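Hi,

I am passing a structure on to you, with a few notes on what turned up in it. Please have a look at it first, then read on.

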Amino acid sequence: MIFGCLKQAYIMNTAFLLLGGNLGDRKKNLEDALQLINERAGKISAASAFYETAAWGKEDQPNFLNQAVTLETRLSPTDLLRMLLAVEKDLGRERIEKLGPRLIDIDILFYGDMVLHSDQLTIPHPHITKRRFVLEPLHDLAPDLIHPAYNKTIAQLLQECTDPLPVVRLEAEFT
């Protein structure tokens with residue numbers, strides 16, 4: 001049993017994350033988050049372009065800047081979630097209003113081909129198929145990735161997405 005736990009700690013897993021924010025210097029906030037994730041969670045191996053997106057769910061707020069990334073990590077999904085929440089807090093995120101304005105928001109979209117439902121975390125993210133601002137940047141990274149619950153590629157899900165909110169590709173930049 002202990003050997004199994006140790007073995008798990010050395011397995012590299014691929015996770016897809018979505019970062020976004022609509023307060024302050026949005027690009028710097030994303031870049032700062034990427035740096036901390038790279039330092040604390042593993043290696044970011046790819047990043048999408050930046051996307052300017054209308055606020056989803058609560059539209060009376062500034063537009064968001066979003067970016068999807070591919071992360072190679074040895075952290076478990078729950079440890080990754082804890083680390084991402086700590087990064088958000090370290091960058092000044094305060095959880096005041098559900099779907100309200102925020103400096104930074106980091107979501108786990110996929111973790112390998114895992115399907116997980118717990119009180120703390122649902123993987124794949126439960127709203128991927130409903131949000132164009134998630135699918136567009138994710139399509140940059142992995143158009144052929146198959147959603148394990150829907151058995152469809154990201155390209156197919158994007159084509160079928162009915163979300164009418166604008167999503168504008170800005171630039172690709174990751175260092």
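To start with a question: is Asn151 buried or exposed? Asn151 has a relative accessible area of 61%, and because the cut-off for exposed is over 50%, Asn151 counts as exposed. Please keep in mind that this is a predicted model. Asn151 sits in the loop that runs between β8 (146–147) and β9 (152–153). Its backbone stands out too: Asn151 is not a glycine, yet its phi is positive, at about 55°.

Another loop to look at is the one between β7 (122–123) and α4 (132–141), where His125 lies. Pro124 is found in that loop as well, and the peptide bond leading from Ile123 to Pro124 is cis, with omega near -5°. His125 is buried, because its relative accessibility is 15% and buried means under 20%. Not counting residues up to four places away in sequence, His125 touches Asp107, Ile108, Leu109 and Arg131.

Next, the strands around β4. Of the 10 residues in β4, nine are buried, so the strand is mostly covered. Its pairings are these:

- β1 runs antiparallel to β4, joined by nine bridges; Gly21 stands opposite Leu65 in β4.
- β2 (residues 42–47) pairs with β4 in the antiparallel sense over five bridges; Ile44 has Leu71 of β4 as its bridge partner.
- β3 (residues 49–53) also pairs antiparallel with β4, over three bridges; here Glu52 stands opposite Leu65.

Thr70 belongs to strand β4 and counts as buried, at 9% relative accessibility. Leaving out residues up to four places away in sequence, Thr70 touches Thr14, Ala15, Phe16, Lys43, Ile44, Ser45, Ala46 and Leu141.

Finally, the nonpolar cores. The largest one has 25 residues, and those with the most contacts inside it are Leu17, Leu19, Ile37, Leu80, Leu84, Ile106 and Ile108. Two or more residues of this core come from each of β1 (13–21), α2 (26–40), β4 (64–73), α3 (77–90) and β5 (105–111). Apart from this core lies another, of 18 residues, including Leu18, Ala68, Val134 and Ile154.

Which residues does Leu19 contact, leaving aside its neighbours within four places in sequence? They are Leu30, Ala33, Leu34, Ile37, Leu65, Asn66, Gln67, Val69, Asp105 and Ile106.

Happy to talk any of this through.

Best wishes

Terms used:
Residues are numbered from 1 along each chain as its sequence is written. This is a predicted model: local features need pLDDT of at least 70, side-chain atom pairs count only at pLDDT 80 or more; totals for chains, interfaces and linings use all residues. Side-chain values use heavy atoms; hydrogens and water are left out. Helices (H or I, at least four residues) and strands (E, at least two) are DSSP runs, numbered from the N terminus. Buried means under 20% relative accessible area, exposed over 50%, partly exposed in between (1.4 Å probe, protein chains only). Contact means heavy atoms within 4.5 Å. A nonpolar core is a set of buried Ala, Val, Leu, Ile, Met, Phe, Trp, Tyr and Cys residues joined through side-chain atoms within 4.5 Å. Two strands pair if DSSP finds at least two bridges between them.
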